[in-house]
Amino acid sequence: MMITSNYALFLALFLPLGAAVLLAALRDMPRARDIAHVATAAITFALVLRVLSGFLAGDVAHLYLFDVMSGLPLAFAVEPLGLVFAALASGLWIVIAIYAAGYMRAAEEAHQTRFAIFFTLAIAAALGIAFSANLFTLFIFYEVLTLSTYPLVAHKGTDEARKGARTYLIILLSTSIALLFPAIIWTWLASGTLNFEPGGILQGHLDPALAPVLLALFAFGIGKAALMPFHRWLPAAMVAPAPVSALLHAVAVVKGGVFALLKISVYIFGTGYLSSTNASQWLIWVAAFSIIVPALIAITKDDLKARLAYSTISQLAYVTLGVALASQAGMIGSTLQIVMHAMAKITLFMCAGAIYVAARKTKVSDMSGLGRAMPVTFTAFLIASFSIIGLPPLGGAWSKYFLLLAAADAQQTAMIIVLGVGSLLSIAYLLPVAARALFLPAPAEMTREAPPAMLIPICATAFGCLLLFVFAHDIYGFLLNVPLLAPEVAP
Amino acid sequence: MDDLITQITAHYNYWMVIILMMIGLYITISRGNLIKKIVGLNIFQTSVFMFYISMGKVTGGTAPILTGNPDEVYSNPLPHVLILTAIVVGIATTSLALALAVRIREAYGTIEEDELLTIERDAEAAEDKI
Amino acid sequence: MPQFIAQHLPILQVIVPLIAAPFCALISVRNGAWWLAFVTSLVTFAISVLLFAATFDGEIISYHLGGWAPPIGIEYRVDMLNAFVLTIVSGTGVLTLLYARASVAHEVDAKQHGLFYTAFVLCLTGLLGVTITGDAFNVFVFLEISSLATYAIVASGAKTDRRALTAAYNYLIMGTIGATFFVIGLGLLYMITGTLNMADLAQRLLEHGDSRTLRMGYAFILVGLGLKLAMFPLHQWLPNAYTYAPSAVSAFLSATATKVAIYVLLRFLFSVFGFSIPFEADILFLVVLPLALAGSLIGAYIATYQDNLKRLLAYSSISQIGAMLIGVSMLSASGLMAAIIHLFNHAVTKASLYMVAGAYAKEAGTVSIRELRGVGRDMPFTTAAFVVGGMSLIGIPLTVGFISKWYLVEAALMRGWWPVVIVIVVSSLIALIYVGKFIEAAYMHPAPQGIIRREAPLTMLIPMWIFAGLSLFFGINSSLTSEAAARAAQGLVAASSLIWQ
């Protein structure tokens, strides 16, 4: 390769920022702007792959910018979890960029340039979270992500959009300021560092009796992980255009949240510390609650996007559950769940967008027979649904498998039941959508498929769900690189 | 009882100062007329001047002018000098306050606090209606 | 010659603006008063930067006025802390004057410009004098110079709204009571010690030990300064004064006047009283801390339902002053450092925000949030500056507000004061509400019908964005400010007789 890993890392983080300026300059040339957007996504993805190949070759990229406060630098370092998340975010960004260009035109949305700019910023922030070398950097990009997605949620500018965006911003910012921020400072005071270290930094620095409290501050403070009762922002954000929903639910925001939680549990607490102190026992139950209840709510929702939103809350809780189980299988299950759910949920949201653009329909009950007119869209929807449910041969099967394994290892029989019930409930809220559309008689008025710029990404990600089933083993192998123990303790 | 009386008489200057201070502060707070408030403020400040001046007085001491007599007892001149400055500040404050009172009277047509408050409240209510 | 100037920098800091002030009133050339004031502020800024550089490595400059050695003569004493404050004050002076040209032309009658700039420069003189002097009575004199000038410039907002007059009058009454309380306190201290030099006072108070007179003096000085710095609930003068003053004045005062009063408070608490008797620390815990906590919450809460942008910012100031006092009353080196760095950070943030409000007043003719709907599209640069400042008020990362909040929470956690952490956090959540309210109105709502608004002129945008840029820059890389604040805090720590954790 022509560029070094370090340089590729630098570019991957700052290219999107530069691109945001470029997009602003191209505001009068929609075609050039959209091409630039997709190109930026593609280049960023290539850069992340370069960092990845460097990592596999033993060249671990890192980047130190400067100290914001003394001892608290803005710094980035590559590790396996972050690489998976970064590759996921930047890879799906290409898909969404293409889809967004098609959607925004077909739906005749205003302010498309503003949209593209904040979209780019949001992805840049997600990459910052992925590559952050310490909790401080992670927090900064976490907040940047919240702020840069606010204009996207409020995009339509209607009263409803304003209200939804307000809920979105208030919940995400208040949880992070009120809970996450003190938690970080507490960690800083307890251990004297905020660096992500193998095996965690709290061992021996924090009274085990206080560990559950600190974990609670983190788990609820990361509002993006949408753990109940701080999940309200997710359905509220449904007012946004479909590409934004795809970004929020599949790529950047919620995944940024659960990823941050995962990273904190692995590199700040350390799985060893968590399991030895039983600090995460309570979290298992909260996560279980967060799996079941939103799934039940999802069944009652007639609005397709609202249904998908509650499905997301439920599916995210799987990740939290994996974190709470505090074992290697749990960690791997969580990471795989992030990847698999991202691929499937992005498909589902893009389908929802395609349905809205082609048929102007948002309610599940109005979609009967629509599958005859839009067979591609609904087939993709069906495939992605299967992946969410966890049926082979789709990617979702693996993450559920590892989570079950982790629950069994931890002898949490109740959790095995919860996982099973969760899957059953997801059948109940997802399958009827595709089934009604494909098998009920078609309505009188005919609609056609959405434009190709939207259909191609949908097919690509649906196909991705299949591919992930095949290649899950490679991700699994890669994740075994995650250092769960401090170097000196490792055998 | 005798103790108390001596206590009071020995510090009679402080009692005067405190009484004046309270009178001044009370007028400033309780009066609605802007000019009367200024008068109160002046009494309040004056009490402080007296406090400083009486503090510098040494019993049996004379004005601090060199007489050539080594046994001469002088009053402490420093508080007196300080108070000269404070008096100047007081005058400046009073004149500025009076000037403001004049301008308020020109702008509102009254210097009664309750009337001013009514006018301002009406103005705010009118702003809210827009 | 340069050496001569270098020797006399401390006095030049005060005397240059003092001499220049009356000439502002005398110059009859068009804009002459502004030019003179501006050049004067540049000179004072240069001087304070030199002083800052000279004291950065811990040196203390002691300048004897007229060659009389202290404690007989008046001493000007410059250390890290007041060099830092001097730089804030004079720097704000330069930028607000640059801004004032367009803003004041709009908000103050042309024939009053000469007098306005005279009062402005006098106010600057007073604030610099308060900060630099090492003599307690001198503090009072300069405090009154700045306050009297302030009353006058606040009242000059009467062209836009006559309520500026009553605001100035009330400010005058409250301010004078505060100053007089302060003098009473000084008198009591003088009775005990017979000196007015601060360093000497500290020494003799330490030898004196506890007495009722000392306690009275402490109480009077605390209340007097509390009035000057708008400590809740002594803040009633502030909202109206900042709302109806010309915007340039609001920007200048919010960044300097209350900050200097806090500086004086720090100086007296730590350098003069030094907590030599338990009573002093007890009062801080039992009275000041609860009031500071209440102020930071109530101020923020009242701000949420203001429609007038300037009044909203004024209540936000009361809340932020509460935050500084929380830091002070922690009585720890880290808390003190948090208070000092917040002093700078808030000055920078609030100055830029008031400048934004002034730009609206000039170009949109209103500071009512309702009438400013949709202004984000018409005045993008101005409104963007508000977004930066607003994020800093909330304490979003990469702004100075975040740095302040970080140190404040860190200091509270070090003491194990969880309830205080909760108050700090809740007050920034309330800030999210009042900042968000305006930002939503400015960007998300359509503009009212038939309103023409243009972007503010460059002379307003540049200083506004210098402040906004500073609040970003020192939020991204706070090494300079945190180092200066840490050293200043250490200086105060060393001067007091508390045993430090």
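Leaving aside neighbours within four places in sequence, with which residues is C:Ser368 in contact? C:Ser368 is in contact with C:Asp307 and C:Asn308, where contact requires C-beta atoms, placed from the backbone, to lie within 7 Å.

The structure is a predicted model, in which local features need pLDDT of at least 70 and side-chain atom pairs count only at pLDDT 80 or more, while totals for chains, interfaces and linings use all residues. Residues are numbered from 1 along each chain as its sequence is written, and chains are lettered from A and ligands numbered from 1 in the order in which they are written.

**Confidence**

The pLDDT is the predictor's confidence in each residue, on a scale from 0 to 100. Its average over chain A is 83, and 97% of the residues reach at least 70. Within chain A, helix α5 (residues 135–153) has the highest confidence, with a mean of 89, and helix α15 (residues 370–373) the lowest, with a mean of 76. Helices (H or I, at least four residues) and strands (E, at least two) are DSSP runs, numbered from the N terminus.

C:Ser368 lies in the loop between α14 (333–363) and α15 (375–378) of chain C. C:Phe438 is 70 residues away along the chain, and its C-alpha atom is separated from that of C:Ser368 by 9.9 Å.

**Chains A and C**

Chain A contains 19 helices and two strands. Its radius of gyration is 21 Å, close to the 23 Å that the globule rule gives for 491 residues, so chain A is as compact as a globular protein of that length. The radius is taken over C-alpha atoms, and the rule is 2.2 Å times the number of residues to the power 0.38.

| Property | Chain A | Chain C |
|---|---|---|
| Extent of C-alpha atoms along the principal axes | roughly 70 × 55 × 45 Å | about 70 × 55 × 40 Å |
| Residues counted as buried | 61% of 491 residues | 66% of 501 residues |
| Contacts between residues at least 6 apart in sequence that join residues at least 24 apart | 81% | 79% |

**Domains of chain A**

The domain assignment, which is automatic or from a database, divides chain A into domain 1 (1–261) and domain 2 (280–480). The centres of the two domains, taken over C-alpha atoms, are separated by 22 Å. In the contact between them, 37 residues of domain 1 meet 42 residues of domain 2. On the side of domain 1, two or more residues come from each of α3 (80–106), α7 (211–221), α8 (233–236), α9 (242–251) and α10 (253–269) of chain A. The most come from α3(A), with 13 residues. By class, this side of domain 1 has 32 nonpolar, four polar and one charged residues. Ala, Val, Leu, Ile, Met, Phe, Trp, Tyr, Cys and Pro count as nonpolar, Asp, Glu, Lys and Arg as charged, and the others, Gly among them, as polar.

**The nonpolar core**

In soluble globular proteins, nonpolar side chains tend to be buried together. A nonpolar core is here a set of buried Ala, Val, Leu, Ile, Met, Phe, Trp, Tyr and Cys residues joined through C-beta atoms within 7 Å. The largest such core has 440 residues, and A:Ala89 and C:Ala168 have the most contacts inside it. Helix α14 (residues 328–359) of chain A gives the most to this core, with 20 residues. Domain 1 and domain 2 of chain A each supply at least three residues to the core. Neighbours within four places in sequence aside, C:Ala168 is in contact with B:Leu100, C:Tyr151, C:Val154, C:Ala155 and C:Ala241.

**Contacts between chains**

Between chains C and B, the contact takes 23 residues from chain C and 25 residues from chain B. On the side of chain C, α6 (136–155) and α7 (163–193) each supply at least two residues, and α7(C) gives the most, with 14 residues. This side of chain C has 16 nonpolar, four polar and three charged residues.

Between chains A and C, 24 residues of chain A and 23 residues of chain C take part. On the side of chain A, β1 (62–69), α5 and α6 (159–191) each supply at least two residues. The largest share, 13 residues, comes from α6(A). The residues of this side of chain A divide into 17 nonpolar, three polar and four charged.

Terms used. Two residues are in contact if their C-beta atoms, placed from the backbone, lie within 7 Å. A residue is buried if 20 or more other C-beta atoms lie within 10 Å of its own, exposed if 12 or fewer, and partly exposed in between; C-beta atoms are placed from the backbone.
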